[in-house]
Amino acid sequence: MTTPVRAGRERPVTREEVVDTALGLIEDNDVSALSMRRLAAELGVAVTSIYWHVGNRDALLDLLVERLLADMGGVRPAGRTPRARITSLLRQWRQRLWERPHLIAVAHERGLTGAMFQPVQAALARELAAVGLHGEQAALAVRALQVQVTASIVLQRAALRGPSTTPTDPTAWRDSPDAELVAALAEPLDYDAVFTLGVDALLDRLLPARGLA
């Protein structure tokens, strides 16, 4: 069957292009921005062409969540030491969560949060097993690292949605002998630096007993 092409398009739309454009609409706005009519307008095709390629809106959301799950499954450790490999997994995990907030919300609403997180959990478990951490200890370590990742995202998103405020009032620290501390607290919060510090602290706790810090 030939996909209809509207004036202005030089080639037929593809299924991949429909999914890519739908993803862009969601992440540039939110899931409420995704309608088949708006998607068709973005692509310059008839609405029937969208339905032909991906089905209805709900089916399209299923395809988008499938892509998200595949993307999370593509996380791979990098580095020569256990610490470097675990840190690389956490950074990739955090980056993916940061890039897809609205689609992650869709996955959560569909009860797929566990499936979304499982690939990275499994990758972390393999790295922890390689340094001798198994069973309940390994499960607790995986969850502690997961909380570090997700909490950093939640806090940063909440800060972006809230009103703009000064991180701290230097005048409230008049009696502090540490001027450098006060100046630093008055600067905007560096979430990446805080995340790195938290990960380092956790790994200091998890790995030194095994001589692998």
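# Close-up views of a predicted model

**View 1. One aromatic pair, Trp93 with Phe117.** A search of the whole structure, a predicted model, finds one aromatic pair. Tryptophan 93 and phenylalanine 117 form this pair, and its geometry is edge-to-face. The ring centres lie 5.4 Å apart, with 85° between the planes. An angle over 60 degrees counts as edge-to-face. Tryptophan 93 belongs to helix H5 and phenylalanine 117 to helix H7 (residues 113-130), so the contact ties together parts that are 24 residues apart in sequence. Is tryptophan 93 buried or exposed? Tryptophan 93 is buried, because its relative accessible area is 0%. Phenylalanine 117 is buried too, with a relative accessible area of 10%.

**View 2. The salt bridge between Asp20 and Arg67.** The structure holds ten salt bridges. One of them joins aspartate 20 to arginine 67, with the closest N and O atoms 2.5 Å apart. This pair links distant parts of the chain. Aspartate 20 sits in helix H1 (residues 15-28), arginine 67 in helix H4 (residues 57-73). The two residues are 47 residues apart. Aspartate 20 has a relative accessible area of 38%, so it is partly exposed. Arginine 67 also counts as partly exposed, at 26% relative accessibility.

**View 3. The salt bridge between Arg83 and Asp204.** Arginine 83 and aspartate 204 form a salt bridge whose closest N and O atoms are 2.9 Å apart. Here too the pair links distant parts of the chain, 121 residues apart. Arginine 83 is in helix H5 (residues 82-99). Aspartate 204 is in helix H10 (residues 191-206). Which side of the burial cut-off does arginine 83 fall on, buried or exposed? At 14% relative accessibility, arginine 83 counts as buried. The cut-off for buried is under 20%. Aspartate 204 is partly exposed, at 40%.

View 4. The side chains of arginine 91 and aspartate 192 meet in a salt bridge, 3.0 Å from N to O. Arginine 91 is partly exposed, with a relative accessible area of 35%. Aspartate 192 is partly exposed as well, at 34%. A network is found among the salt bridges: those that share partners join Glu16, Asp20 and Arg67. How far apart are the C-alpha atoms of aspartate 192 and arginine 91? Their separation is 9.6 Å. Side chains of opposite charge can pair when their charged atoms come close.

**View 5. Two arginines over aromatic rings.** Arginine 94 places its charged end over the ring of phenylalanine 195. The distance to the ring centre is 4.8 Å. How far is arginine 157 from the ring centre of tryptophan 98? Arginine 157 lies over the face of tryptophan 98, at 3.6 Å from that centre.

**View 6. The largest pocket and its lining.** The largest pocket has a volume of about 360 Å³. Its lining comprises 13 residues. Pro101, Ile104, Ala105, Ile153 and Val154 are the closest of these to the pocket centre. Which helices each supply at least two lining residues? They are helix H6 (101-109), H7 and helix H8 (135-161). H8 gives the largest share of the lining, five residues. By class, the lining has eight nonpolar, three polar and two charged residues.

**View 7. Tyr51 and Gly73.** Tyrosine 51 has its place in helix H3 (residues 47-54). Its relative accessibility is 40%, so tyrosine 51 counts as partly exposed. In sequence, tyrosine 51 and glycine 73 are 22 residues apart. In space, C-alpha to C-alpha, tyrosine 51 and glycine 73 are 28 Å apart.

Conventions:
Residues numbered from 1 in each chain as written. Predicted model: local features only at pLDDT ≥ 70, side-chain atom pairs only at ≥ 80, totals over all residues. Heavy atoms only, no water. Salt bridge = Lys/Arg side-chain N within 4 Å of Asp/Glu carboxyl O. Helix = DSSP H or I, 4+ residues; strand = E, 2+ residues; numbered from the N terminus. Buried < 20%, exposed > 50% of the residue type's maximum accessible area, 1.4 Å probe, protein only. Phe/Tyr/Trp six-rings, centres within 6.5 Å; stacked < 30°, edge-to-face > 60°. Lys NZ or Arg CZ within 6 Å of the ring centre and 35° of its normal. 1 Å grid on protein atoms, 1.4 Å probe; cavity = no way out; pocket = protein on both sides within 12 Å on 5 of 7 lines; lining within 4 Å. Points joined across faces, edges and corners; volume = space filled by probe spheres on them. Nonpolar A, V, L, I, M, F, W, Y, C, P; charged D, E, K, R; others polar.
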